Amino acid sequence: MKQKHIKTKFQIEEFAEVFLAGEFAIIYHQLSEEFQLEVPFTDFLHMSEEFNEGVEKYSLETLLSISSSVQQYIWIDSKERKGISLFVEENGTIVGLELQLIEQQANICKTSRTYRMPINQEWFVLWGGTNALLNYHYLIISQRYAYDLVIHRDESTYKEYGDELEDYYAFNQKVVAPAEGKVVAVVDGLKDNPIGDVDTEHPAGNYVIIDHGNSEYSLLAHFKQGSILVKEGDLVYEGKWIGSCGNSGNSTEPHIHFQVMNGHNLFTSESLQIQFKNGMEPIRGDYVIPTFS
């Protein structure tokens with residue numbers, strides 16, 4: 001009798017189908033040894049079966065390179081209630097797996113006006129989206145719909161070894177006003193963190209808050225020390241250069257933090273989901289380009 005061939009490895013792009021089909025032994029075989037030591041197969045089987053209950057389909061939401069050797073895949077189910085995140089090495093070994101229930105928002109508060117991204121060239125969405133898998137800000141009400149933007153080239157945000165601020169493509173790049181408005185707050189005296197350090201006492205670092213009317217205020221944070229070109233009370237037009245990207249505040253590498261909120265206090269106000277001029281809804285892993293009026 002001819003022995004039936006048993007599949008022992010799959011392509012990562014097939015993960016959602018294999019997982020939903022209940023082929024958990026095949027998946028477990030492809031997990032790293034470290035993962036298997038921490039999570040016995042019986043535990044993995046139980047949590048996977050339970051997670052699949054009520055799911056009809058998983059769709060790949062985003063794929064991005066974490067490093068030259070590791071990629072992250074994120075799948076979301078058709079009801080947008082469950083998400084799966086995988087971190088995968090080049091050889092197909094799964095070194096990280098997260099199963100997460102997605103918090104459902106009954107009433108999503110969106111901006112009444114439209115905005116552009118605060119950039120004048122192509123940037124990359126490091127964090128952004130409407131769930132915690134895509135956006136680590138999501139669990140914080142004041143930052144829920146915030147974006148972190150970097151410049152990404154050749155699967156990296158820096159050249160050389162990334163030891164110096166100047167190695168990062170985003171450092172010292174222009175940051176512009178996302179819409180017309182009046183500047184209501186400016187902080188511009190904090191030092192840029194050396195790579196590896198953060199300033200948790202001043203989470204936003206150097207920042208600008210702009211009042212756009214109708215109780216909508218944009219926050220742009222982590223400016224380079226001494227680079228901000230506007231002051232409190234200034235009127236700005238959409239696209240006006242207001243400063244340069246830095247690494248001040250609670251920032252691990254040079255990037256732009258951008259959000260719109262319903263008040264001028266960055267700690268007590270609530271984040272609003274931004275409506276963009278071209279109708280885009282960028283998420284983690286997307287490249288975004290300027291949108292001009």
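**Notes on the predicted model**

1. The protein has four helices and 16 strands, where helices (H or I, at least four residues) and strands (E, at least two) are DSSP runs numbered from the N terminus. This is a predicted model, in which local features need pLDDT of at least 70 and side-chain atom pairs count only at pLDDT 80 or more, while totals for chains, interfaces and linings use all residues. Residues are numbered from 1 along each chain as its sequence is written, and side-chain values use heavy atoms, with hydrogens and water left out.

2. Taken along the principal axes, the C-alpha atoms of the protein fill a box of roughly 85 × 45 × 35 Å. Of the 293 residues, 50% are buried, buried meaning under 20% relative accessible area, exposed over 50% and partly exposed in between, with a 1.4 Å probe and protein chains only. The protein exposes about 15100 Å², of which carbon and sulfur atoms supply 48%; accessible areas come from the Shrake-Rupley method with a 1.4 Å probe, and for residues only the protein chains shown count as cover. Among contacts (heavy atoms within 4.5 Å) between residues at least 6 apart in sequence, 62% join residues at least 24 apart.

3. Strand β3 (residues 82-89) and strand β4 (residues 94-101) run antiparallel and are joined by seven bridges, two strands being called paired if DSSP finds at least two bridges between them. Ser85 has Glu98 in β4 as its bridge partner. In the hairpin of β3 and β4, four residues lie between the strands, and Gly92 takes a positive phi near 95 degrees.

4. Strand β10 (residues 206-211) pairs with β11 in the antiparallel sense over six bridges, with Asn206 standing opposite Phe223 in β11. Five residues lie between β10 and β11 in their hairpin, and Gly213 in the turn has a positive phi of about 85 degrees. β11 also pairs with β14 in the antiparallel sense, over five bridges, and here Ala221 stands opposite His257 in β14.

5. Which residues lie nearest the centre of the largest pocket? They are Ile108, Gly129, Thr130, Gln273 and Glu281, among the 26 residues that line this pocket, which holds about 530 Å³ of space. On a 1 Å grid over the protein atoms alone, a pocket is an open set of points with protein on both sides within 12 Å along at least five of seven lines, a cavity is a set of points where a 1.4 Å probe fits but cannot get out, and lining residues have an atom within 4 Å of a point. Grid points are joined across faces, edges and corners, and a volume is the space filled by probe spheres set on the points. β5 (110-115) and β15 (271-276) each supply at least two lining residues, and β15 gives the largest share, four residues. The lining divides into twelve nonpolar, nine polar and five charged residues, with Ala, Val, Leu, Ile, Met, Phe, Trp, Tyr, Cys and Pro counted as nonpolar, Asp, Glu, Lys and Arg as charged, and the others, Gly among them, as polar.

6. The second largest pocket contains about 410 Å³ of space. Its lining has 23 residues, of which Tyr136, His137, His222, Asn250 and His257 lie nearest the centre. At least two lining residues come from each of β6 (123-127), β11 (217-223) and β14 (256-261), and β11 gives the most, with three. By class, the lining of the second largest pocket has eleven nonpolar, ten polar and two charged residues.

7. The structure holds one cavity of 30 Å³ or more, and the space in the largest cavity is about 30 Å³. Its lining includes Val175, Ser244, Cys245 and His255, while β11 gives the most to this lining, with four residues. The lining of the largest cavity divides into six nonpolar, five polar and no charged residues.

8. Leu20 lies in helix α1 (residues 15-20) and is partly exposed, with a relative accessible area of 29%. Not counting residues up to four places away in sequence, Leu20 touches Asn52, Val55, Glu56, Lys57 and Tyr58. The C-alpha atoms of Leu20 and Pro178, which are 158 residues apart along the chain, are separated by 42 Å.
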